[in-house]
Amino acid sequence: MTDLRMPEKKFRPELEGVRAVAALLVAVYHIWIGSVSGGVDVFFIVSGYLITTSLLSRMERDGKINFIENLLGLAKRLIPLSFTVLLVTALLSIWILPQTFWKQTISELFSSMFYFQNWQLATSAVDYLGQNNEASPLQHFWALSIQGQFYITWPFIITAVYLLAKKVLKMPVRKTLLTALVAIFAVSLGYSIYITEANQPWAYFDTFARAWEFSLGGILALLIPYLTFNKAISFIIGWIGLAIICFTGMLLPVSSVFPGYAALLPTMGVIFVIIAAENTGRFGVQRLLSTKPFMYFGSISYGFYLWHWPLLVFYYAYFSTATVSLQAGLAILTVSFILSVITSKLIEAPVRGLNVRQSKRQLGKVLVAIMLPVILVGASWNLYVQASLNEEAAVEYSVEEYPGARVVSENIVPAENVAPVPSPALAKGDLPIFYKKGNCSTYSDNPDVNKCSFGETENPDYIIALVGGSHSGHWFPALETIAPELKLQIDVYIKDACRFTTDDLEGALTESCMEWNETVTEMLKNDPPDMIFTTANVQAEDNVPRGYIEKWEVFEGITEIFAVRDNPRMPKDIPSCMEETPEECSVPREEVLSAVLPWENTENLPGNVTFFDTSPYFCDDETCPPAIGNVLVYRDEHHLTTLYSKTMGPVLAEDLKKALDGLDRQ
């Protein structure tokens, strides 16, 4: 059986031009448009095309792929520049970034070093508690992580297919590989379409949802000998392809619809350009892409991509701005270009010049010498941060110095000239303890109900069910504080990014949230607690949502509801604001709270509900401050710190005790 014609292994200058265009688009969209261009998908297709061509050629020439040599070859191309950027970025992060960002940046430093950052970002993208993470100067390494995983995996796939074709099926190698790549393409694209629809934030970073792009590049490499058109058609599809690459980011909201079928658009653009270059005319697109400026920029595009993003993030942080002027943007592009030229010549080129077969030991030593400083800086930085946080977490805070909400309830005058606690850095991770106890809350699209019991679990006088989303969950420390006094068992039923309601708010709440609601309702009806503790409204809304009321009505005659007014949503991340510009963190009350109590503005409320107005403990008559009684109120824009929630315990105790005493009289 005849095999496919061997794809010609040759230098394709137009691909350097395509890389140049893609890298520049990525930077321009990041800097001025504030969105995603689809340029990363261009890199994926090009990588799939080139690596498949190279590995197949090596396999058919030698009958094998030397995995150690292949890995060293990859390392000498990838590590010198990437670890140089990681080192410089880590050092600049310590100098420029607020300490509130350090823990996140350290985590991404290590995930970038070892090429799994895409999975870390996928997890935080669907983790409600992680969604307030700011863009880090290393976030762009997600794409390099996926590429790194592809580079490591692809030789094994090529080898497995080669052995299968030669030893088992007795089939032509290239036809067998084509079949395998088509299968990978079909399965991955199908999965990508499914997961993008079901959970797009996760899908965006999911390697398996992106594998079809690399596979498509490999398919093109195998079929390119058969895809030759006349000059007129090549001229047309070439320029159409370049236009698609350039305008995908304007035509599609890439960051919210990719990968899925939408990512077929930029990948088709690259394919058109590559096909057009097979039979081109004088005015074909490859003439432009093969010019010296494009080729040179393409040769340093890897470094340019690496440098532009941290420079942009540092610009935002250093100048405390969210926008970039034309002049500043051009400066970022210029500095990125200069740094990519310098590091490519001084660091990348000498290492690339080492022969893998002849200089394995020397190459290994050089790579270790490049990697070691980054590892040492990251490890030392992490140890310092953890030691500082552990030391602060161990401190006992006196009520006299840090009364928190008790300055309102007990008229305590807090000590003056005392920095609020927890520190902004510690506040970021200041979560209620049940989040750290395993399966005590429900995340993402999981509809399962997880229940954990805390407080006086041996012989409680009352059982309180804490039910709802994270805005119910952050009241747990308050209840835990008063549990011994009131002899409370606290049953936690928390699903983040969800609410205790019958209304999905026109699709704003997920299907899993509504399924979770149905399940938890049945559980509470079958084994009713003495009281359900939940939120009464949603942040600044001036009424009680109908879905909340319908849920409470289900429990009339079964159990009582204690509903607290929701806290304000601040317009800024409070820990970051307190570290950078504390004088600008307070907000006028009228901007974040309604003037009327929500339940006084709502009709037909069920009779089994006790309402509690929390607003005096977040705002005075005019202002909502970031810290009260020397205690930082928020760990982000709208979730309470554990410490401030604890100071709300004595505040809640009196009203909660009255409501519970009322149960005894019934």
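Reply: Gladly. One term before we start: contact means heavy atoms within 4.5 Å. Please keep in mind that this is a predicted model.

Me: Thanks! With that in hand, what does W475 touch?

Reply: Leaving aside residues up to four places away in sequence, W475 touches F533, V564, T614, F618, L640, S645, M648 and L652. W475 itself lies in the loop between α19 (470–473) and α20.

Me: Why is W475 called buried?

Reply: Buried means under 20% relative accessible area. W475 has a relative accessibility of 0%, so W475 counts as buried.

Me: Which residues of α20 are buried?

Reply: In helix α20 (residues 476–486), they are F476, P477, A478, L479, I482, A483 and L486. Just after α20 comes K487, with a positive phi of about 55°.

Me: Now to α16. How do you know that its length agrees with that of a helix?

Reply: Helix α16 covers residues 360–393, which is 34 residues. At 1.5 Å a residue it should span 50 Å, and its end C-alpha atoms are 48 Å apart, so the two agree.

Me: Where does α16 bend?

Reply: The bend is at M371, by about 30°, and a proline, P373, follows within four residues.

Me: Which residues of α16 are buried, and what covers them?

Reply: The buried ones are L363, L367, I370, V374, G378, W381, V385, L389 and E392. Their cover includes α3 (67–96), α4 (102–113), α15 (326–352) and α18 (424–427).

Me: What makes α3 roughly parallel to α16?

Reply: Two packed helices are described by the angle between their axes and the distance between the axes. Here α3 and α16 pack at an angle of about 30°, with the axes 9 Å apart. Angles under 35 degrees count as roughly parallel, and therefore α3 is roughly parallel to α16. The crossing of α3 past α16 is left-handed.

Me: And why are α6 and α14 called oblique to each other?

Reply: The axes of helix α6 (residues 141–169) and helix α14 (residues 301–319) cross at roughly 140° and come within 10 Å. Roughly antiparallel would need an angle over 145 degrees, and roughly perpendicular one of 65 to 115. The pair therefore counts as oblique. F141, A143 and L144 of α6 make the contact with Y302, Y305 and L306 of α14.

Note on methods
Residues numbered from 1 in each chain as written. Predicted model: local features only at pLDDT ≥ 70, side-chain atom pairs only at ≥ 80, totals over all residues. Heavy atoms only, no water. Helix = DSSP H or I, 4+ residues; strand = E, 2+ residues; numbered from the N terminus. Expected span 1.5 Å × (residues − 1). Bend = angle between axes of the 7 residues up to and from the residue. Buried < 20%, exposed > 50% of the residue type's maximum accessible area, 1.4 Å probe, protein only. Axes fitted to C-alpha atoms, helices over the stretch in contact; angles between N-to-C directions. Left-handed = near helix turned anticlockwise from the far one by under 90°.
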